[in-house]
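Below are my notes on the ligand site, in numbered points. Please read them with the structure open.

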Amino acid sequence: MSRIVYVNGEYLPEEEGKISIFDRGFLMADGVYEVTSVLGGKLIDFEGHAARLARSLAELDMAQPISHEELLAAHRELVARNDIDEGLVYLQITRGSAGDRDFVFPDPETTPGTVVMFTQSKPGLADNPAAKTGLSVISIPDQRWARRDIKTVQLLYPSMAKMAALAAGAGDAWFVEDGVVTEGTSNNAYIVKDGKIITRELSTDILHGITRAAVLRYAAEAQMEVVERNFTIEEAQSADEAFVTSATTFVMPVTEIDGAKLGDGTPGPVARRLRELYIEESLKSAI
Ligand code: PMP
């Protein structure tokens with residue numbers, strides 16, 4: 001069965017979903033995106049993703065071409081039509097196609113944004129075997145642009161970093177800037193020392209993870225101590241535990257950093273507990 005995708009208000013078989021070659025998302029990476037995970041056929045943290053989408057669009061002076069209600073309805077429709085039990089909904093909005101290439105933004109009155117959505121089925125998302133072994137990461141200089149708080153589709157450098165990690169036999173990379181960790185290629189980074197959860201504070205240097213916000217809230221509710229501050233790779237290597245968070249990996253333990261194993265090299269109790277808590281609480285509030 002061919003997947004059903006959403007393109008500018010229409011539901012189409014994926015082969016029929018087409019975008020102009022002049023689309024600014026294609027020509028200039030002039031677009032933003034969100035990834036919302038699906039568990040038990042329901043959307044996890046949808047409101048958080050919708051709010052961050054609105055913020056990304058506003059920061060780029062891009063009009064929101066789809067209402068909040070339509071956005072939610074389309075997410076649900078795609079989950080239903082593609083029979084997604086565990087997986088994700090990808091959403092991308094670009095500044096549209098003005099019919100030529102031009103650095104000047106087109107007038108949104110005459111050039112509407114492009115809205116594309118599709119699903120990816122990922123059975124076993126919650127029961128991910130990687131969460132039992134943990135992830136190894138390498139460090140790599142953060143050479144992305146300076147507005148990482150905006151979720152744009154400029155993913156070439158993170159993609160290169162991921163390839164460098166794979167080439168080094170690791171699973172992912174952590175970006176380092178001015179001697180401290182910013183975040184992972186597609187996730188927020190944390191260490192745990194003496195029971196304290198340490199993660200970089202929010203700024204324009206990192207993406208404001210929707211999973212991060214939820215995990216820190218659940219951690220606080222469970223009386224765990226959270227400290228928002230920078231940390232170095234050296235500090236991370238001597239931490240008791242480390243982990244990353246994102247919409248599709250939830251809480252994923254990190255067991256090795258630049259070749260140094262953390263503790264006994266297996267996922268630590270704080271990361272395991274937070275993963276359980278996150279999945280449990282997310283299922284309760286899924287829509
Ligand atoms: N940082 C970066 C650079 C990311 O790409 C992502 C995932 N898109 C995250 C953090 C995690 O964000 P979220 O929890 O909203 O998926």
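1. Domain 1 (4-121) and domain 2 (130-285) each give residues to the shell around the ligand, so the ligand lies between them. The domain bounds come from an automatic or database domain assignment.

2. This is a predicted model, in which local features need pLDDT of at least 70 and side-chain atom pairs count only at pLDDT 80 or more, while totals for chains, interfaces and linings use all residues. Numbering runs from 1 along each chain as its sequence is written, and side-chain values use heavy atoms, with hydrogens and water left out.

3. The ligand is surrounded by 18 residues, and the closest are Arg52, Lys151, Glu183, Thr211 and Ala247 (a residue is near if one of its heavy atoms lies within 4 Å). By class, the shell has 4 nonpolar, 10 polar and 4 charged residues; Asp, Glu, Lys and Arg count as charged, Ala, Val, Leu, Ile, Met, Phe, Trp, Tyr, Cys and Pro as nonpolar, and the others, Gly among them, as polar.

4. An oxygen atom of the ligand is 2.8 Å from a side-chain N or O atom of Arg52. For Ile210, a polar backbone atom is 2.8 Å from a ligand oxygen, and a polar backbone atom of Ala247 is also 2.8 Å from a ligand oxygen. The protein covers 92% of the 390 Å² of accessible area that the ligand has on its own (Shrake-Rupley method, 1.4 Å probe).

Definitions and conventions. A polar contact is a pair of N or O atoms within 3.5 Å; within protein, one must be able to donate a hydrogen and the other to accept it, and residues adjacent in sequence count only if both atoms are side-chain atoms.
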